[in-house]
Amino acid sequence: MIRIELPATGEEIAKLSVGDRVLMDGTIYTGRDAALPKLVKALKAGEEPINVMGAAIMHTAVSPAGIAPTSSNKEDIEESIPYLASRGVLVHIGKGKLGDETVRALKEAGAVFIVTPPTAALLTSRVKSSRVAAFEEEGMEAIFELRVEGIPGIVAAARGTSIYD
């Protein structure tokens, strides 16, 4: 297991390969269909609702039932990944197969895609604190800032290759 402190550094992420098992500690932002397009729009407008440099974004909502990844290849989510990676988001966390173009964009940005088990109880037990960071009007689909310890995952896309190749 490779431990990753979040936010991450480019040097730390550059060492990862497809298939590496990781444990993530630190700050993870959440976002999915409603919030990620808003984040992209805000960044393009020169606003910065959250600090994206070295950031990790998990494709999930936050509800009283906990957190669990949604499919990262949903249109509104996958379309946000290349832009967010180009702006500094180094770790994208979710589930599902990303398209070849997205995998190439991750490579160009020096970013990775990590899949996590869709097990809400396990993931939720690793969340130490949670607060709304942006787009509160989206309710459980707002961007939350989570402090986590030991979120498990497997690197599914890195350096232009995918676990699905």
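Is Lys-74 buried, exposed or partly exposed? At 27% relative accessibility, Lys-74 counts as partly exposed, where buried means under 20% relative accessible area, exposed means over 50%, and partly exposed lies in between, with a 1.4 Å probe and protein chains only.

## Basis of the description

This is a predicted model, in which local features need pLDDT of at least 70 and side-chain atom pairs count only at pLDDT 80 or more, while totals for chains, interfaces and linings use all residues. Residues are numbered from 1 along each chain as its sequence is written, and side-chain values use heavy atoms, with hydrogens and water left out.

Helices (H or I, at least four residues) and strands (E, at least two) are DSSP runs, numbered from the N terminus. For residues 4–164, an unreviewed UniProt entry lists "domain: Fe-S hydro-lyase tartrate dehydratase beta-type catalytic"; UniProt positions are given in the numbering used here, feature names are shortened, and annotations may be inferred rather than shown by experiment. The span of residues 4–164 is 26% helix and 31% strand, and its end C-alpha atoms lie 23 Å apart.

## Salt bridges around Lys-74

A salt bridge is a side-chain nitrogen of Lys or Arg within 4 Å of a carboxyl oxygen of Asp or Glu, and by this rule the count comes to 7 salt bridges. One of them is formed by Asp-33 with Lys-74, the closest N and O atoms being 3.7 Å apart. This pair links distant parts of the chain, since Asp-33 lies in the loop between E2 and helix H2 (35–44) and Lys-74 in the loop between strand E3 (56–58) and helix H3 (75–78), 41 residues apart.

Asp-33, at 23% relative accessibility, counts as partly exposed. Both Asp-33 and Lys-74 belong to a network of salt bridges that also links Arg-32 and Glu-141.

## Asp-25 and its surroundings

Another salt bridge joins the side chains of Asp-25 and Arg-3, at 2.5 Å from N to O. Asp-25 lies in strand E2 and Arg-3 in strand E1 (residues 2–6), so the pair ties together parts that are 22 residues apart in sequence. Asp-25 is buried, with a relative accessible area of 11%, whereas Arg-3 is exposed, with a relative accessible area of 51%.

Strand E2 covers residues 21–30. The side chain of Asp-25 also makes a polar contact with the side chain of Arg-3 at 2.5 Å, a polar contact being a pair of N or O atoms within 3.5 Å; within protein, one must be able to donate a hydrogen and the other to accept it, and residues adjacent in sequence count only if both atoms are side-chain atoms. Leaving aside residues up to four places away in sequence, Asp-25 touches Arg-3, Ile-4, Glu-5, Leu-6, Val-148, Glu-149 and Gly-150, where contact means heavy atoms within 4.5 Å.

## Strands E6 and E7

Arg-131 forms a salt bridge with Glu-145, the closest N and O atoms being 3.3 Å apart. Here too the pair links distant parts of the chain, with Arg-131 in strand E6 and Glu-145 in strand E7 (residues 143–158), 14 residues apart. Arg-131 is partly exposed, with a relative accessible area of 44%.

Ala-133 also lies in strand E6, which covers residues 127–134. Not counting residues up to four places away in sequence, Ala-133 touches Tyr-29, Pro-49, Ile-50, Ile-143, Phe-144 and Glu-145. Ala-133 and Thr-30 are 103 residues apart in sequence and 9.2 Å apart in space, C-alpha to C-alpha.

## Backbone geometry

Most residues other than glycine have a negative phi, and most peptide bonds are trans. In this model, Phe-135 has a positive phi of about 60 degrees although it is not a glycine; Phe-135 lies in the loop between E6 and E7 and counts as buried at 16% relative accessibility. Arg-159, also not a glycine, has a positive phi of about 55 degrees and is placed in the loop between E7 and E8.

A cis peptide bond joins Leu-6 and Pro-7, with omega at about 5 degrees. Pro-7 is found in the loop between E1 and helix H1 (10–14).
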